[in-house]
Amino acid sequence: MTRPSAERTRVRDRLLDGTRFLVASHARPDGDSLGSQLALAEALTQLGKEVRVVNADPPPARYAFLPGAAAIEVAGSVEDDADTAVVLECGTLGRTEVSGLAGRPVVNIDHHAGNTGYGAVNWCDESACACGELVFELIEALGAELTPSIATNVYVAILTDTGSFRHANITARTFDICRRIAGTGVDAAAVAARVFNNGSLGRLRLTGRVIDRMRLEADGRIAVLAVDEAMLRETGCEADDLEGVVNLPLAAGDVKAVILLKALGGGLRVSLRSKDEIDVRRVAVSFGGGGHRNAAGLTVEDPASDVRARLVRQVAAAIAESRPA
Ligand code: 5GP
Ligand code: MN
């Protein structure tokens with residue numbers, strides 16, 4: 001099911017030429033960024049390359065079981081004479097929050113709309129459901145062996161970035177890759193349980209509290225969630241424990257979009273989610289953020305008091321625009 005891609009071939013050739021690699025991805029890592037990095041790092045190692053996996057932040061606890069996760073280096077800057085930096089899952093180089101990567105040619109592999117093409121070589125395919133889908137195809141093109149550990153990492157990338165096979169961009173290619181992953185002996189149910197059924201009771205309580213305080217806007221079509229430091233403290237949670245909470249209001253048929261406001265020190269982090277054709281990426285971009293049509297995010301460094309109202313207004317406009325007149 002792989003499609004011919006000149007960009008993929010250029011990326012493959014560049015990786016075959018390199019000998020010492022840095023493999024980086026975005027700050028506040030998620031399943032797709034980590035799974036993609038670790039799968040590619042193992043494939044490059046198989047090919048005899050030297051590889052360092054570097055991120056600005058450590059992996060959340062639920063991803064610590066990913067094969068290779070223990071070797072991830074956490075650093076805000078790199079000073080290294082590696083000959084190639086591979087940056088995965090980042091629309092801009094700044095998303096890594098790791099400085100010094102551009103001291104050598106950068107290979108940019110991503111699936112975000114609006115990727116700025118910051119690499120010496122760029123392969124950006126918005127039709128991929130996860131960056132892990134692209135990494136899987138690349139590993140195949142490199143001629144590396146699909147081991148159970150590579151397969152596990154790619155599976156976590158796809159499982160989490162598709163919201164457990166519910167989001168847009170799931171195609172025959174997605175299932176073909178997963179069929180081949182299962183063929184290596186990966187137990188899909190066991191992997192899903194490690195990721196989703198292994199959280200703390202505090203996380204469950206935090207989720208309850210956040211949903212309990214949900215507010216509705218735009219005639220009930222927008223759900224607004226808000227979290228502050230006190231809520232984390234009272235439930236014994238960290239910011240990572242909020243992953244996935246933003247999707248929950250979409251379970252209600254009437255809710256078309258969600259705004260999650262995280263006031264956790266150092267500015268206001270905002271996550272946006274939407275259904276169907278509603279484009280919240282454009283809202284995020286207008287605040288300096290980015291993402292995908294149905295899942296986007298942004299940071300407001302100096303939140304003015306009207307940020308919430310502006311977000312609600314813009315998301316309401318996105319809902320109105322998505323409806324045929
Ligand atoms: P989340 O809400 O889960 O943090 O992010 C949802 C999506 O938006 C992800 O694809 C993520 O990469 C993207 N995203 C989140 N925050 C930002 C941001 O500040 N800038 C950009 N460019 N993308 C973001
Ligand atoms: Mn992704």
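**View 1. Pro60 is found in the loop between strand 2 (50-55) and strand 3 (73-74).** Helices (H or I, at least four residues) and strands (E, at least two) are DSSP runs, numbered from the N terminus. This is a predicted model, in which local features need pLDDT of at least 70, side-chain atom pairs count only at pLDDT 80 or more, and totals for chains, interfaces and linings use all residues. Residues are numbered from 1 along each chain as its sequence is written, chains are lettered from A and ligands numbered from 1 in the order in which they are written, and side-chain values use heavy atoms, with hydrogens and water left out. Is Pro60 buried or exposed? Pro60 counts as buried, because its relative accessibility is 2%; buried means under 20% relative accessible area, exposed over 50%, and partly exposed in between (1.4 Å probe, protein chains only). Leaving aside neighbours within four places in sequence, Pro60 is in contact (heavy atoms within 4.5 Å) with Pro29, Leu34 and Asp240.

**View 2. His26 sits in the loop between strand 1 (20-24) and helix 2 (31-46).** His26 is buried too, with a relative accessible area of 3%. Its side chain makes a polar contact with the side chain of Glu89, at 3.3 Å. A polar contact is a pair of N or O atoms within 3.5 Å; within protein, one must be able to donate a hydrogen and the other to accept it, and residues adjacent in sequence count only if both atoms are side-chain atoms. Beyond its neighbours within four places in sequence, His26 is in contact with residues including Ser33, Asn55 and Arg95.

**View 3. Here is the manganese ion (ligand 2) with its donors.** Which residues coordinate the manganese ion? They are Asp32 (OD), Glu89 (OE), Glu89 (OE), His111 (NE2) and Asp161 (OD), at 2.1 to 2.6 Å. Donors are N, O and S atoms within 2.8 Å of the metal (3.2 Å for Na, K and Ca); water is not among the atoms, so sites may look incomplete. Along the chain, the donors follow the spacing D-x56-E-x21-H-x49-D. Asp32 lies in helix 2 and Asp161 in helix 4 (residues 148-161), so this pair ties together parts that are 129 residues apart in sequence. Both Asp32 and Asp161 are buried.

View 4. A polar side-chain atom of Ser271 lies 2.6 Å from an oxygen atom of the ligand. For Arg95, an N or O atom in the side chain is 2.8 Å from an oxygen atom of ligand 1, and for Arg273 the distance from a side-chain N or O atom to a ligand oxygen atom is 2.8 Å.

**View 5. Six strands form an open sheet in the order 7-8-9-10-12-11, with mixed pairing.** Strand 7 (215-217) and strand 11 (290-291) are the edge strands, each pairing on one side only; two strands pair if DSSP finds at least two bridges between them. Strand 8 (residues 222-228) and strand 9 (residues 257-263) run parallel and are joined by seven bridges. Look for Val224, which stands opposite Ile259 in strand 9.
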